[in-house]
Amino acid sequence: MNELATEPTLPVTPGLGVHGDFSVWAPGAQRVRVRVDGTDHPMGSDARGWWYAQVKGAGPGSDYAYLLDEDPQPLPDPRSLWQPDGVHAPSRVYDHGSHVWADDDWTGRPLAGAVIYELHVGTFTPQGTLTAAVDRLGHLVDLGVTHVELMPLNAFDGTHGWGYDGVLWSAVHQPYGGPDALKGFVEACHRSGLAVLLDVVYNHLGPSGAYLPRFGPYFSGENDWGPSLNLDGPGSDPVRQLVIDGALDWLRHYHLDGLRLDAVHALRDDRAVPILAELSAEVDALAAGLGRPLSLVAESDRNDPRTVLPLEAGGLGMTAQWSDDLHHALHVALTGERHGYYADFDGPRVLAETLRRVFWHDGTPSAFRGRRHGARVDTSRVPASRFLGYLSTHDQVGNRARGDRMGEHLSPGLLTCGAALVLCSPYTPMIFMGEEWGATTPWPFFASFTDPGLVEGVRRGRRREFAALGWAPEDIPDPMDPATRDGAVLDWSEPEHEPRRLVLDTYRALIALRRSEPELCDPRLDRFAVTAGEDGRRLVLHRGSLRLVCNLGAAPARVELDAAPRELLLANGHPGVHGATVDVPGEFFAILRV
């Protein structure tokens, strides 16, 4: 009798050339040819607008591209899995079945109880590759995180960039190492006990190499970043299916543990069943089939609790979403900055109230938007684990003119206070790479487009954007200068020296304490309380029998607790305890058991 396979046999996606079969959706074309290894082959079509060809001798490693009607330009496959020579070049046939996986014992990690680490492959190491990132996984294990969230890996024009200018949804960026390198990275993470999430971008395409619209009605209308995905107009059925199939393939063929969905508020979708709900149902089914948890984390600007409500409760079924309101409240409290959207988060009540109720804007007026915004979270029913809390993200650092981080401006005391507020909260914590030691390396916007006109347009646009905010042009890094990317690479020597070492040790201790004290992971918001002084600078977080006392002010303060502390678990200084009264230094936190 044959032994049972340890892993389900995954079907090869048809039409991607693995068995010499090619197919592409081009409903408006009158003629389509596929060029395989330099030779053109005619294709036949069906009533749905799909074109097909069987090419003898083609298979894994074959280069191929499509020619539409009489246009002489060969175009990469919209479903391409591999672009070894860049986004303007032919696609290459890639066979997922050729990889022998070595993570059969991996059973996954749920998002509840997680600590997430957001990582940009291109600046995590000087080499900027997935293989080089594997050599730093020991740091993440020692830090205590459970999930690595990779910023977008799909192919974009040039070598270096944030990844949000991708133009092919399913091809792993070759300068990062291509598809094999991603599989090697995931295997290494799983061996180390780390789950892997991938940031995917379906709300727009980058400005260079965006050939999808030539094939069919992939886009309709506009959003803040350009053409908006056609999710509900004529011809939208295949578009939706390609998005869902592509998302499932990341999870299925790369053994990923979840996806982070970029800016879902920019997905214009008026159908009765939104694509996010449809995707959630498909991912749930895939998770059941694979026998391990799969997560969907949305970035949404709507402050809409329905995003994370289960499908059966009328929600979109996302596992979690980013919570920028908590970031903004923390940022204002720690830095004192009040410009732009931060102005909405100025006030002594804001941080405590946002910690309590998830969104500061939950139906309240937003001066920045000029209207009311958001809806209230039912804290008696919705767990805080469905919302990510963080001090920094690639967006909040990178959208500053210089890409300057908190570590450049704040004292170690305030940096560790901020970390304590996030890591002792009931929310799912996320750390942006380098934050754990208060990195001072900037992380500004950078790109490496190959079109000279686009290069100069990006430079001018960046200067114009920040000049309007009062920045001198010479103070704004040139996003197209390779030195801008090089300056954003983490300096791994920083945590070897004080005070960065102290900050890193505190992050490690906070994460370890969160893991060892279940009350710090309790996501029930109705069992979570926050008390604050009149100026909002002194806060106490109530986590079961634990109290986080935090003084964000520079001056010493006296804090009255509801009971006398019995044990000091962790602090960044030396409090004085007199019964239920705690005298604390400035820029101080302590975790106490009462």
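In which sense do strand β9 and β10 pair, and over how many bridges? Strand β9 (residues 147-150) and β10 pair in the parallel sense, over four bridges. The legends below start from this pair. This is a predicted model, in which local features need pLDDT of at least 70 and side-chain atom pairs count only at pLDDT 80 or more, while totals for chains, interfaces and linings use all residues. Residues are numbered from 1 along each chain as its sequence is written, and side-chain values use heavy atoms, with hydrogens and water left out.

**View 1**
Helices (H or I, at least four residues) and strands (E, at least two) are DSSP runs, numbered from the N terminus. Two strands pair if DSSP finds at least two bridges between them. Strands of a sheet pair through backbone hydrogen bonds, either parallel or antiparallel. β9, helix α4 (residues 178-191) and β10 together make a right-handed β-α-β unit. Right-handed means that, with the strands pointing away from the viewer, the path from the first strand over the helix to the second runs clockwise.

**View 2. The side chains of β10.**
Buried means under 20% relative accessible area, exposed over 50%, and partly exposed in between (1.4 Å probe, protein chains only). In a regular strand the side chains alternate between the two faces of the sheet. Ala 195, Leu 197 and Asp 199 point one way from β10, Val 196, Leu 198 and Val 200 point the other way, and all are buried. Because six of the six residues of β10 (residues 195-200) are buried, the strand is largely enclosed by the rest of the structure.

**View 3. Leu 150 in the largest nonpolar core.**
A nonpolar core is a set of buried Ala, Val, Leu, Ile, Met, Phe, Trp, Tyr and Cys residues joined through side-chain atoms within 4.5 Å. The largest one has 167 residues, and those that touch the most other members are Phe 22, Leu 130, Leu 150, Trp 250, Leu 351 and Leu 552. Contact means heavy atoms within 4.5 Å. Not counting residues up to four places away in sequence, Leu 150 touches residues including Leu 119, Val 121, Leu 182 and Phe 185, as well as Val 196, Leu 197, Leu 198 and Asp 199. A second, separate core has eleven residues, among them Val 549, Phe 588, Leu 592 and Val 594.

**View 4. The sheet β3-β2-β6-β7.**
These four strands form an open sheet in the order β3-β2-β6-β7, with antiparallel pairing. β3 (39-42) and β7 stand at the edges with a single partner strand each, so one side of each is left without a neighbour in the sheet. Strand β2 (residues 32-36) runs antiparallel to β3 and is joined to β3 by four bridges. Val 36 has Thr 39 in β3 as its bridge partner. Asp 37 sits in the loop between β2 and β3. Its phi is near 50 degrees, a positive value in a residue other than glycine.

**View 5. Trp 82 and its contacts.**
Trp 82 lies in the loop between β6 (63-68) and β7 (91-92). Leaving aside neighbours within four places in sequence, Trp 82 is in contact with Ser 91, Arg 92, Val 93, Tyr 94, Ala 171, Gln 174 and Pro 179. Trp 82 and His 173 are 91 residues apart along the chain, and their C-alpha atoms are separated by 8.0 Å.

**View 6. Two backbone features in loops.**
Most residues other than glycine have a negative phi, and most peptide bonds are trans. Ala 263, in the loop between β13 and α7 (275-290), has a positive phi near 40 degrees. With a relative accessible area of 2%, Ala 263 is buried. The peptide bond from Glu 498 to Pro 499 is cis, with omega near 0 degrees. Pro 499 lies in the loop between α13 (482-488) and α14 (500-516).

**View 7. Pro 213 in helix α5.**
Pro 213 is found in helix α5 (residues 212-215). Its relative accessibility is 45%, so Pro 213 counts as partly exposed. Not counting residues up to four places away in sequence, Pro 213 touches Leu 205, Tyr 218 and Phe 219.
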